[in-house]
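Please look over the sequence and the structure below, and then read the notes that follow, which are grouped by topic.

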Amino acid sequence: MNNIPTVMIIFGGSGDLAHRKIYPALFNLYRSGLIHDNFAVIGTARRPWSHEYLRGQVADAVHETYGEVDETDLEAFASHFYYQSHDVTNVEHYVTLKKLAQELDERYSCQGNRIFYMAMAPSFFGTIAEHIADQKLTGSGFNRLVVEKPFGTSLETAEVLNKQINGSFDEEQVFRIDHYLGKEMVQNILPLRLSNPMIKSIWNKDCIKNIQVTLAERLGVEARGGYYDASGAMRDMVQNHIFQIITLLAMPEPASLADTDIHAAKEALLDSLEIPDEAEVAAGFVRGQYGGTETTFAYTSEPNVDPESKTETFVAGRVKFDQGPLAGVPIYFRTGKEMKEKRTRIDIVLKDMAGIYGETGENSITIEVDPASEIYLTINGKTIQGGGLRRERLAYKFSPEEQAQVPDGYERLIHDVFVNDSTNFTKWKELKRYWEFVDAVEDAWQKQNESGQKPLTYAPYKMGPAESKQIFANPTDRWIY
Ligand code: NAD
């Protein structure tokens, strides 16, 4: 792997994401030689840290993630880190930051290359983008911007943010990160669909009855009540992760694996996304809030949550496309907090082709994304004794050794930024369509709220409100997980 010279500036260098994900990911890229002698990282945040203190934090972050590592390597790696106390709202601080970036660029021969990483509260993304532009922080080499989620809170706010970013960065320089796109089994969706004639030939409305995408979380909102109450499950999980998974499942075959062709295929699909009207939201969506019992908190009693809140902590809904291999196939999704267990899985449910064996169990293809990485086909065969049928799973899974080699999503995606591969990032046109869909649902819910309707309450550690099964277009359908 080549050494890619870069000065990386992280806004939010003292934050949780930097500590748990970005620093360990950079260490692995260093160990693999992608960054080596010619790189410097500037961590910025408001706290008055020193370079030494940041280096200590970076070493701690690496140990917390990987345990024992080669200490000489780690020391050499950490020596490339510099801290700049910086309030992102203070213009003068950008002047100091620019000077430090230029000094480090010369010291480490970084050829004017810059990666800017916005790893802080999204309310600051626009301000940072504007000051990068007005204080001309970009370098003379390549300039790339990594933006965390959420990108806006609606189409309107996303458009404003995009404009602010476009003041310094063209669309091809913007890497909107969605860490689900770095997950092993999400990256396996296209190979599964397109490299197996057996699966490719059934990927259509004649064979697939429906698709079910589940992103369940076991935890509640914890300390994030303030942020979450203004967001809800639809904006927090559906607008990004769930839609990216659905897009990979339903997009037409791209002309090649080049990032431009992948995005062209996604955009072609999303042009045909049906935007739901109020009647469709009433029939095809269920929203819920985890409710109180003697042993658990209700969402509305969580810190920094409005006691009258109508924000959904669970949503189940359906998506349809007019084009692509799954045109007309219902795609169902659900996501929520305080559900039975933490699990991300995709179930592709096939139509029953009943013949001489009468009614058989459904065939299905399940992609387990988290916590396991596994794909299995559920099929029917004969029982050993008697003339009945039994169901078995044929599995594609990793040995423990292989599982241990699977890189963290952040490591993969940060690597992609260094090598300028935008395949697994969200492009503006995709994001825009996702917001159009989410805004339509939010608007319909707002009207429901005004007429006195509220999210349904659901008991914690179950699969959301029982009513979530009412969203199926065909009443005999059911959640298979
Ligand atoms: P955090 O609150 O832990 O960190 C925020 C950082 O911003 C801190 O370094 C803080 O000092 C700094 N900061 C706050 N105000 C500032 C100001 N005025 N000037 C300069 N610095 C300031 O947040 P986080 O959990 O690290 O999340 C960062 C981003 O990453 C968010 O957009 C979040 O949605 C996204 N994200 C986080 C995670 C995660 O696991 N933590 C996962 C996915 C996405």
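Predicted model: local features only at pLDDT ≥ 70, side-chain atom pairs only at ≥ 80, totals over all residues.

Residues are numbered from 1 along each chain as its sequence is written.

**The listed residue**

- H241 is found in helix α11, residues 233–250, where a helix is a DSSP run (H or I) of at least four residues, numbered from the N terminus.
- H241 counts as buried because 23 other C-beta atoms lie within 10 Å, the cut-off for buried being 20 or more, with C-beta atoms placed from the backbone.
- Leaving aside residues up to four places away in sequence, H241 touches D178, Y180 and L215, contact here being C-beta atoms within 7 Å.

**The ligand**

- The ligand is surrounded by 19 residues, of which the closest are G15, D16, L17, A45 and M120, and a residue is included if its C-beta atom lies within 6 Å.
- This shell has seven nonpolar, six polar and six charged residues, with Asp, Glu, Lys and Arg as charged, Ala, Val, Leu, Ile, Met, Phe, Trp, Tyr, Cys and Pro as nonpolar, and the others, Gly among them, as polar.

**A helix contact**

- Residues of α1, including K21 and L29, meet residues of α15, including Y410 and F418.
- The residues of this contact divide into seven nonpolar, two polar and two charged.

Methods: Contact = placed C-beta atoms within 7 Å. Helix = DSSP H or I, 4+ residues; strand = E, 2+ residues; numbered from the N terminus. Buried ≥ 20, exposed ≤ 12 C-beta atoms within 10 Å, placed from the backbone.
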